[in-house]
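I opened the model to look up its cores, its domains and its chain contacts. My notes are below.

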Amino acid sequence: MHKKFYFIHEQARIYVIYLLLLLCGTSLNAQTKMSIAEANTLKVTVKALSDKTETITADFVQYKHLDFLSNDIESNGKLAFKSPNMVKWEYVKPFSYSVLFKNETLFINDNGNKSDMDMGSNKIFKQLNQLITASIKGDMFDDSEFEVSYFKKEGKSEVHFNPKDKQFAEFIKSFQITFNTKGEVQEVKMIEPSDDYTQIVFSNRTTNQPLSDAIFAQ
Amino acid sequence: MRYLLSNLLVIAFVSCASYPKKKGLTEIDLSQKTISNPYFSDASKDYVYKANIQAFGNSFSGIFIVKKLGEKHHRIAFTTEMGNKIFDFTFHGEDFKVNHILKKMNKKILVNILRKDFRVLVSENLSVEKTFKEGSNAIFETQIANEKYYHFIFKENLTKVYRVGNGKEKVEYIFSEISHNIAKHIEISHQNFDLTIDLEAIK
């Protein structure tokens, strides 16, 4: 009886060790922390690219993940950016809706219904604008506002920004940007305190093409 | 004095008159003892709507999501177009739980309004208390969370619901563009204060 119990105990221990190894192995494969030198190289690459970026256009697909849903809610659209801080974020499908950040004002066009909001007085919107601009350009390594950590993942770089501001952390627990080797933003993931998230994947990126002001007209 | 008293009685009688009486609805005797609201009844579906909300002079929009998780068990969430969650509620039997709500919106009075409004959407099977007829509509008197409702069924589709209090319509629900148990357009409007929720199916 005693022997049998010992055997089970031993077997359980082996399983636990095996499981731990498996978990470690998986996480090593998926993601490793960057060294300080690697993180600095990434910052320099992204900053250099960002500094010479005057305009960006790209398509995006947004996946809203809510744990209780069978499928992520998918929407897609286009974005346009003009230095220093004009951003138009436009959903095309399955609904027509755009937000334009311009001169400290947020202009909303909800399928023809237009409204605007002064962001000057709204800290959250200011930070949201900062996040959106930064997530397009990638240049947001501001550690006074965020806890920043750097990872390598399948040849790409992933940077996690966790807001320090409590009011902001109510909306977003972590903001994660994936960069390709050129230092371009490929993907953005906003994780909510509940672990539900919004993932945005960019494609067809063009940079420094002249963009007419009409794109940014409200 | 007697004149005044009888007048008062008439007024009291009129204001206490039931909703069907006020509307001149004819009570009919139908064998149907239950009705169902099929619009959020399929657990394999994610119900996703673009929402426009007009409230107290403000207007805002977002994505309204309903998911049936089991018998008498639904989750209802509202996010911005960019995905940030505004609120997230669970309805399970008689229970109601706030999983998340923005701090600014976390006011008891507002949560209660939303709880009542959305409970109607996910109340699937209802016992019929009385049945009336108005033109080609069959109207079923029901109860949800101890409040009186009238469900209008036209050509086998649930097209309208009224929440009624003191014989008056308080909240109107209109279901339109109905096909395959999905109401592509839903409008919830409060009659005694400025709140309208307009939903357009996108999935």
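**Entry 1, domains.** I noted at the start that this is a predicted model. I looked up the domain assignment of chain B, which gives domain 1 (18–38 + 125–193) and domain 2 (41–123). I took their centres over C-alpha atoms and found them separated by 21 Å. Across the boundary, eleven residues of domain 1 of chain B are in contact with six residues of domain 2 of chain B. I sorted the domain 1 side by class: nine residues are nonpolar, two are polar and none is charged.

I listed the 40 residues of the largest nonpolar core and asked which members touch the most other members. They are Ala51(B), Phe64(B), Ile65(B), Val66(B), Leu121(B) and Tyr173(B). Helix 3 of chain B (residues 108–122) supplies the largest share, five residues. Both domain 1 and domain 2 of chain B contribute at least three residues each to this core. I kept a general remark beside this: nonpolar side chains in soluble globular proteins tend to be buried together.

I looked up what Ala51(B) touches, leaving out residues up to four places away in sequence. Its list holds Ser61(B), Gly62(B), Ile63(B), Phe64(B) and Phe78(B), and also Ile197(B), Asp198(B) and Leu199(B).

With 15 residues at 1.5 Å a residue, helix 3 of chain B should span 21 Å, and its end C-alpha atoms are 21 Å apart, so the two agree. I then looked up burial along helix 3 of chain B and found Leu114(B), Phe118(B), Val120(B), Leu121(B) and Val122(B) buried.

Is Ala138(B) buried or exposed? I counted 20 other C-beta atoms within 10 Å of Ala138(B); the cut-off for buried is 20 or more, so Ala138(B) is buried. Not counting residues up to four places away in sequence, Ala138(B) touches Thr131(B), Lys133(B) and Ile153(B). I also took its separation from Leu110(B), 28 residues apart along the chain: the C-alpha atoms are 32 Å apart.

I found 20 residues of chain A in contact with 21 residues of chain B. On the chain A side, ten are nonpolar, five polar and five charged.

Technical notes: Residues numbered from 1 in each chain as written. Chains lettered and ligands numbered in written order. Predicted model: local features only at pLDDT ≥ 70, side-chain atom pairs only at ≥ 80, totals over all residues. Core = buried A, V, L, I, M, F, W, Y, C linked by C-beta atoms within 7 Å. Buried ≥ 20, exposed ≤ 12 C-beta atoms within 10 Å, placed from the backbone. Helix = DSSP H or I, 4+ residues; strand = E, 2+ residues; numbered from the N terminus. Domains from an automatic or database assignment. Contact = placed C-beta atoms within 7 Å. Nonpolar A, V, L, I, M, F, W, Y, C, P; charged D, E, K, R; others polar. Expected span 1.5 Å × (residues − 1).
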